[in-house]
Amino acid sequence: MLSTKTKIGLVFFPAFDWAIDPTHPEREERLLYTQDQVFEEGLFDIDGIEEFKPGLVTVHDIQRVHFCVPSVEAVTTESHLISAGGAKTIGQAVLDKKIERGFALVRPPGHHAMRVVHGARGFCNINIEAVMIEYLRQAYGVRKVAIVDTDCHHGDGTQDIYWHDPDTLFISIHQDGRTLYPGSGFAQEMGGPTAIGTTVNIPLPPKTGEAGIIQAVEEIVLPILDDFKPDLIVNSAGQDNHYTDPITNMNFTAQGYAKITSLLKPDIAVLEGGYSIEGALPYVNVGIVLAMAGLDYSKVVEPDNTPDKTYQPAEVTNWINSIKETTLNNWQNRENLRRQALKDNEFATRSRSIYYDTDNIGERQHETIKVCPDCAGTIKIASSSDLGKHILAVHIPLHACDVCKETGYSWFESADAGNYDQAMLQDRTEDQFLSKTL
Amino acid sequence: MIIGLDVGGTHTDVVLLGASGLVRELKVPTDQSNLFETVLTGLKRITENIPPESITRAVFSTTLTTNAVVQKKFPPVGIIVTAGPGIDPALFSIGDHYYTASGSVDHRGRELEPVNPVEIQKIAQELASQGVRYVGVISKFSVRNPAHELAIEAELKGKFEKVFLSHEISGHLNFPRRIATTYLNAAVYPIHKEFFSAVQQSLENRGFQFPIRILKPDGGTMNFAASIDYPGQTMLSGPAASVMGAISHADPNSESLVLDIGGTTTDMAILVNGVPLLDPTGIELAGFKTLIRAMHTRSIGLGGDSLVSITDGKLMIGPDRQGQAMAFGGSHPTPTDALAVLGKLPKGDREAAIRGIEPIAKALGLTVEAAAHRIFDEASKIILSAANEMIDQINSKPVYTVHELLEGYQVKPKEILVLGGPALFFADQLKTHTSMKVRVVPNWQVANAIGAAMARTTCEVTLFADTQLGRANAPEESFSEAIDKRFDDKKAVEMAFSLLKEKAIQMGAIEKNIEMELIENQQFNMVRGFFTTGKNIRIKVQVKPGLIKGNDLYSDR
């Protein structure tokens, strides 16, 4: 009888009755062949692998992370509550020590969902990792969290949510933004003034193969994780770096995914993208599960895997070496950069246009952060969308100082009907969410 | 009339049923080392002075194959597997003659790598030279396409007494379980065949011509001919017999918890509207995880003869058993002794029972009567808490659609049906700890044998259709048919039902008795690029477990 080295938990929720639309990559069929492979392998029978039924997240769980416009109900379906709930179930099981590690094999995904949500972008409505992490911080007092996003697309939503949070290290390895949606994730994107350095972007050129991604993990991600010393490591385990993926251009493999899982040793992995539903997902998922459990995965090889398909050109290797230098320099220089940023201004602002490709909505944002030497700093976001909604969103961080907390409340209270339709306040210190229509 | 015979751990219960009900009932002691004699004695006594032609059939539930598995008394069995991408098949090694060979099929049944006949011939030679006569063949995803198992079978032809192919044994995806299930079928085949051939021969010698049926752990029966091909399905039928015995007394419009309180164990199961709830995968026995369809049951080591002891000042009941109750000549106190102390047993040596309970009472600082009451009460609590755990486990089973997760069916029994030796005494005590109605099944001492006698034939069919590949397959039924692009789930369900009916009749069902139901119906559009290229359809249908109608006592063959 097979038994694991590490006791792991799985939530498998393929949402066989949910799709964005019938021919969309994010459709009912997506995890069908993965289910076939997982069942045929008998993974749930292995001693040391436990399957959990996903719970549902609550509206309040979502409001810890997001400002949903006009409400959580308006921008989510039950499927999102279950998908985030699956991640939460795994997180709870890990922190309750029922399992050592866990994998939420759920859909729909979440890593393109930003702090303000007007609709779906990049197939995502709510950020399932962030909803889980903030729940775990609230319920278990977890502080330092590292998120390693190995989806082929830049995890711009997760980056946005943790842009100003020095307690969350966000590392994204992805195909270069000049060649793929969402077009962001460059090395110089390093976080806001109070959290410079805890956002790390590792953009890789198209045709990066097994060697390149493993190199990025071994030589960039692992040293940074070692430095940061997180209490919890979360892997946004997108599977679209695979050589058969229809919407990306990388040359990664199931063996590679299993290998980086065994290197990263995430406490919690959460499925993100991956749309090669027959050629990749069945094998990649089995590989990840076996690697997490400490079982042999050497025979998990795609049937059509030949060297030409996973070949990494020499210029790609050179490029990765230079990215490595840049990101590691940035990381080592982060304290200086932060000191610089803190003394420059009392407030910092940024203005952005955000496009919701899935729902075809345009959003304009103006964000202000109180650059605080004592905490992560309170944030206010003025946001309006094509749908005509104009809101003010105020976020008081979990470990906010009294001054920042007061600032947050005064921003919220002084929001006026002339400028906004709705004001919302996320007070993480009190685990409280307030909303008022103006 | 029908004979029902259920071999239990201590007693074998035998009944004779006629149109008006129970004609004769008796118990014979079970001799586990000679089940053949036990069965023959039971049959001889139940048929005494009964005209042979008035008996239409006999249904058996025995511990024969279960014991063989538990004791791992197996003949040499050869296993040949082919796998492909995934977990290394060497890790699933079972038995002393396990071979992995080349050949691979993917999740949709497409060939990735062919079988190598030369390699199989070599394995066959080795197996034969080692005296192996029974072989199991398992290829990964054979339930999607059995071609490789069939190709290997063709190579083995004429060289072995019996070859079992995994796709004929189960239609379920689960390669390691198919390996274990195929292995067990091959391993118990000779003992099963020999046993029932001998029973049949002995009946014929005495002028009885009636057909033999065997109870399966899902609460259904199969005829002797079918059991030769699926001998694994004779395992662990005991709990199913009891549950079938309780069915006719269950509330047909709600959920019931069935408790069979025996000497060594208490077995529990759930009825939903009078139909037993089945396990989603299959039985687990002696470390083997199988795909043998079974009722969802739980067995705990607590029965009338369980050992009562004090450990660290705490009262413990079971899970061990050290022979009989002291009231019946045993050497250790048991719940049965507690009953004797309380004066609830018509038979038995009450003085001996008191001697057994005394030290327990002393340790607990109670009178002997109070201690006896505590034991009895504690046993009831343990049983109920185990039942609640089982129900929680059923209700927390993962589901894979939003609809099921939100609207998911939750089991909540409203009544408890109790049977087995001490049923009568336990029923009252259980009442004090639960809000559920508690009832004792009539004929509670032989209800299991009645259940076996009254069980109808059950079976299941899995159909898989892929309109892009243009085929509908039900490998278990050796069925494969070309389909066109217009084929859909409605047609697939029709096809599955017609296969099911055919299968049920072949296994011994009476046509008008076949109550079929759809248990899984999934249809996915397969999209490649931006175009729908076909439909992927998965259907499961079954004849659910249930009882034959009264007038079928005579209409059967």
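The model is predicted.

**The sheet of chain B**

Six strands of chain B form an open sheet with mixed pairing. Their order is β3-β2-β1-β4-β11-β12. Two of these strands sit at the edges: β3 (21-29) and β12 (221-223) of chain B. Each of the two pairs on one side only. On average, neighbouring strands are turned by 20° against each other, direction ignored.

Strand β4 of chain B covers residues 57-61. In the strand order, β4(B) stands between β1 and β11. With β1(B) (residues 2-7), β4(B) runs parallel, and 5 bridges join the two. With β11(B), β4(B) also runs parallel, here through 3 bridges. Strands of a sheet pair through backbone hydrogen bonds, either parallel or antiparallel.

Individual bridges show how β4(B) is held on both sides. Ile3(B) has Ala58(B) as its bridge partner in β4(B).

Is β4(B) enclosed or open, judged by its buried residues? In β4(B), 4 of the 5 residues are buried, so the strand is largely enclosed by the rest of the structure.

A helix lies across this sheet. Helix α14 of chain B, residues 447-454, lies across β1, β2 (11-18), β3, β4 and β11 (212-215) of chain B. The helix runs at about 125° to β1(B).

One pair comes from each chain. The table gives their geometry.

| Helix pair | Angle | Axes |
|---|---|---|
| α3 (117-129) and α4 (147-156) of chain B | about 50° | 9 Å apart |
| α7 (210-228) and α8 (254-264) of chain A | roughly 10° | within 9 Å |

Take the chain B pair. The angle is about 50°, and α3(B) and α4(B) are therefore oblique to each other. The crossing of α3(B) past α4(B) is right-handed. From α3(B), the contact uses Pro117(B), Ile120(B), Gln121(B) and Ala124(B). From α4(B) come Ile152(B), Glu155(B) and Leu156(B). By type, the residues of this contact are 5 nonpolar, 1 polar and 1 charged.

Now the chain A pair. How are α7(A) and α8(A) oriented, parallel or antiparallel? Angles under 35 degrees count as roughly parallel. The axes cross at roughly 10°, and α7(A) and α8(A) are therefore roughly parallel to each other. On α7(A), the contact residues are Glu210(A), Ile213(A), Ile214(A), Val217(A), Glu218(A) and Leu222(A). On α8(A), they are Gln255(A), Gly256(A), Lys259(A), Ile260(A), Leu263(A) and Leu264(A). This contact divides into 7 nonpolar, 2 polar and 3 charged residues.

**Where the chains meet**

Chain A puts 39 residues in contact with 35 residues of chain B. Which elements of chain A each supply at least two residues to the side that touches chain B? They are β1 (3-13), α1 (32-41), α4 (78-95) and α9 (281-293) of chain A. The most comes from α1(A), with 7 residues. By type, the side of chain A that touches chain B divides into 20 nonpolar, 5 polar and 14 charged residues.

Note on methods: Residues numbered from 1 in each chain as written. Chains lettered and ligands numbered in written order. Predicted model: local features only at pLDDT ≥ 70, side-chain atom pairs only at ≥ 80, totals over all residues. Axes fitted to C-alpha atoms, helices over the stretch in contact; angles between N-to-C directions. Parallel < 35°, antiparallel > 145°, perpendicular 65-115°, else oblique. Left-handed = near helix turned anticlockwise from the far one by under 90°. Contact = placed C-beta atoms within 7 Å. Nonpolar A, V, L, I, M, F, W, Y, C, P; charged D, E, K, R; others polar. Pairing = 2+ DSSP bridges. Buried ≥ 20, exposed ≤ 12 C-beta atoms within 10 Å, placed from the backbone.
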